[in-house]
Amino acid sequence: MTKTYGADPNWWRQACVYQIYPRSFADANGDGIGDLQGITEKVPYLQQLGVDAVWLSPFYPSALKDGGYDVADYRDVDPKIGTLADFDAMMTAFKAAGIKVIVDIVPNHSSDDHVWFQEALRSPKGSPARDRYIFRDGLGPNKDQPPSDWVCIFGGSAWEPVGDGQWYLHLFDTSQPDFNWRHPEVRADFLTTLRFWADRGVSGFRVDVAHGLAKDMSEPLKSQEEMHTLFLETIENGARPNIHPLWDRDEVHEIYREWRKVFDEYDPPLTAVAEAWVASDRKHIYASPEGLGQSFSFDMLMCNFRRDEFRDTIEASLKDASGSGSSTTWVFSNHDVVRHATRYGLPKAVEKGGSHGNFASFCKDYLVSRGKDPVCDVELGLRRARAATLMMLALPGSAYLYQGEELGLPEVADIADQDRQDPTFFRNNGEEMGRDGCRVPIPWTKTGKNFGFGGGKTAHIPMPEWMGEFAVEAEDPDAASTLNLYRRALGLRRELQADETLEWVNDEPEVLHFKRNGGWEVAMNFDGPEYELPKGEVLVASGKLVGGKVPKNTAVWLKSA
Ligand code: NOJ
């Protein structure tokens with residue numbers, strides 16, 4: 001059994017995990033792209049912030065057709081951002097700071113630059129090399145029609161021809177061919193990859209597209225319309241599990257049971273969190289102790305800024321997680337969604353209310369119009385984001401933060417077309433703006449080249465003028481800044497966290513008020529009259545209180561009297 005870092009096997013259950021998108025965090029060598037040395041230099045910042053772990057989005061060799069989620073080599077560092085020696089130095093710094101490291105693993109697809117895919121391209125139809133991916137003959141006499149009308153997630157056909165009558169499946173970009181997980185070499189190679197990073201000191205993995213690896217490709221392939229109906233039935237409303245040929249198939253858990261055996265070779269065991277967009281009553285299977293152990297819940301992220309939606313979601317998420325004995329995850333922002341300080345500044349989203357779809361499409365409207373219509377109320381968005389985060393950090397379970405949210409950073413909506421990188425932008429002829437707006441590098445200094453992200457070339461996505469006011473340098477000395485709110489909350493969270501129970505205190509229409517064991521109380525006023533607090537010491541508040549009462553769009557932590 002190999003000793004990993006730390007002693008507590010349950011460290012992840014209520015950890016605060018900070019997501020680093022390496023290419024946009026800190027650029028030590030000044031080439032415009034964030035790098036591992038940049039991360040190492042910022043370890044003291046993360047230690048002061050008070051996070052328990054970091055999750056690194058992919059840092060592997062990649063042509064960056066999908067922000068690094070197109071991996072060319074799973075066991076190396078992209079030379080654009082460092083070397084394995086830099087990785088080891090970074091691990092040493094994190095370990096000295098008492099921060100664990102989780103890395104992203106991308107098993108559904110590789111990059112088309114991966115040696116196996118290149119070998120597949122050079123090899124004939126029916127060869128073992130092609131069998132590591134999903135190749136099919138095209139339709140029609142010349143085989144020049146795709147094997148099915150499937151549409152990929154980023155838009156356009158899910159099949160790409162290779163010139164000899166065969167096509168390969170890519171559920172994402174054409175540069176991301178899907179692996180065939182029935183192939184023993186694919187399975188074995190990922191076990192090697194897991195051990196490779198664990199032996200270099202990582203404590204766990206975030207598993208990309210965890211619900212997509214097992215596919216039923218038996219012929220005849222279903223049509224896109226049939227697939228869509230099955231999607232609605234199985235993923236959206238969970239009525240008929242295990243019927244979709246691509247998503248959330250039961251066989252996928254055989255893979256994770258094998259991974260679990262590898263996780264358990266380490267002491268404490270490695271952890272994993274599934275990115276699985278599945279019906280809520282299926283999440284617990286991914287999060288089971290025989291499987292990955294934890295599964296992201298994005299339900300609160302999808303909520304409108306409404307008390308009832310939040311409350312229902314909190315209850316459901318806690319219940320879902322307890323179904324597997326796992327703990328809940330809370331997320332408001334990540335590299336795939338509009339930052340929550342902006343989402344909550346789009347008031348029409350609240351008017352539209354109700355369905356998650358509306359909220360998502362409203363964010364889309366905002367991006368398509370590059371932030372001009374609808375206009376984001378930046379101040380309101382930030383006030384709400386601070387309140388929501390403060391409340392979330394008091395919930396039982398683990399909290400996932402995304403770099404820059406601790407600064408209250410809004411989305412960058414207005415990015416010039418030539419600076420966009422997200423394949424969704426290109427595959428939809430610019431109608432989908434994509435996710436670049438939350439991937440702009442973060443500001444460290446108030447002024448200067450790239451606001452201290454890196455002093456050399458212009459940042460790989462240029463940083464707008466207004467970013468300086470959100471810089472670490474601007475917020476650090478300001479006691480009321482979002483950065484200091486996060487620092488204080490994370491410090492207190494460590495002190496106050498006890499068991500994973502929560503008790504609701506009242507049923508006010510616009511207020512969430514709950515207690516945690518150990519006399520920790522939390523009240524958040526969404527849109528109600530000023531809310532009177534019970535007796536007790538106010539530990540931290542997301543905004544100013546009015547005569548000791550909590551105004552709307554504000555949350556408070558209290559030590560009960
Ligand atoms: C989910 C990742 O979070 C996203 O950024 C990526 O584009 C897809 N998976 C494909 O890997």
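A residue is called buried under 20% relative accessible area, exposed over 50%, and partly exposed in between (1.4 Å probe, protein chains only). By this rule, Arg282 and Asp248 are both buried. The structure is a predicted model, in which local features need pLDDT of at least 70 and side-chain atom pairs count only at pLDDT 80 or more, while totals for chains, interfaces and linings use all residues. Residues are numbered from 1 along each chain as its sequence is written, and side-chain values use heavy atoms, with hydrogens and water left out.

The ligand site comes next. The ligand is surrounded by 13 residues. Here a residue counts as near when one of its heavy atoms lies within 4 Å of the molecule. The closest are Asp66, His109, Asp208, His335 and Asp336. By class, the shell holds seven charged, four nonpolar and two polar residues. In this scheme Asp, Glu, Lys and Arg are charged; Ala, Val, Leu, Ile, Met, Phe, Trp, Tyr, Cys and Pro are nonpolar; the others, Gly among them, are polar.

The side chain of Asp208 places an N or O atom 2.7 Å from an oxygen atom of the ligand. A polar side-chain atom of Arg206 lies 3.0 Å from a ligand oxygen. For Arg435, a polar side-chain atom is likewise found 3.0 Å from an oxygen atom of the ligand. On its own, the ligand has 290 Å² of accessible area, and the protein covers 97% of it. Such areas come from the Shrake-Rupley method with a 1.4 Å probe; for residues, only the protein chains shown count as cover.

Arg435 also takes part in a salt bridge. A salt bridge needs a side-chain nitrogen of Lys or Arg within 4 Å of a carboxyl oxygen of Asp or Glu. The whole structure contains 39 of them. Asp422 pairs with Arg435, and their closest N and O atoms are 2.7 Å apart. The pair links distant parts of the chain, 13 residues apart: Asp422 is in the loop between β13 (398-402) and α15, and Arg435 is in the loop between α15 and α16 (472-475). Helices (H or I, at least four residues) and strands (E, at least two) are DSSP runs, numbered from the N terminus. Asp422 has a relative accessible area of 0%, so it is buried. Arg435 is buried too, because its value is 15%. A network of salt bridges links Asp66, Asp336, Asp422, Arg435 and Arg439.

Asp173 pairs with Arg427, with the closest N and O atoms 3.9 Å apart. Asp173 lies in the loop between β7 (166-169) and α5 (184-199), and Arg427 in helix α15 (residues 423-427), so the bridge ties together parts that are 254 residues apart in sequence. Asp173 is buried at 8%, whereas Arg427 is partly exposed at 23% relative accessibility. Arg282 and Asp248 form another salt bridge, with a closest N to O distance of 2.8 Å. Arg282 sits in the loop between β10 (271-274) and α8 (283-286), and Asp248 in the loop between α6 (224-236) and α7 (252-263), 34 residues apart.

Asn553 lies in the loop between β17 (536-541) and β18 (554-560). Its relative accessibility is 5%, so Asn553 is buried. Contact means heavy atoms within 4.5 Å. Not counting residues up to four places away in sequence, Asn553 touches several residues, including Phe305, Leu380, Asn525 and Ser542. Val511 lies in strand β15 (residues 511-516). With 2% relative accessibility, Val511 is buried.

Most residues other than glycine have a negative phi, and most peptide bonds are trans. A cis peptide bond joins Glu219 and Pro220, with omega about 0°. Another joins Asp267 and Pro268, with omega about -5°. Asn242, not a glycine, has a positive phi of about 65°. Asn450 has a positive phi of about 50° and is not a glycine either. Asn450 is buried, as its relative accessible area is 10%.

Technical notes. A polar contact is a pair of N or O atoms within 3.5 Å; within protein, one must be able to donate a hydrogen and the other to accept it, and residues adjacent in sequence count only if both atoms are side-chain atoms.
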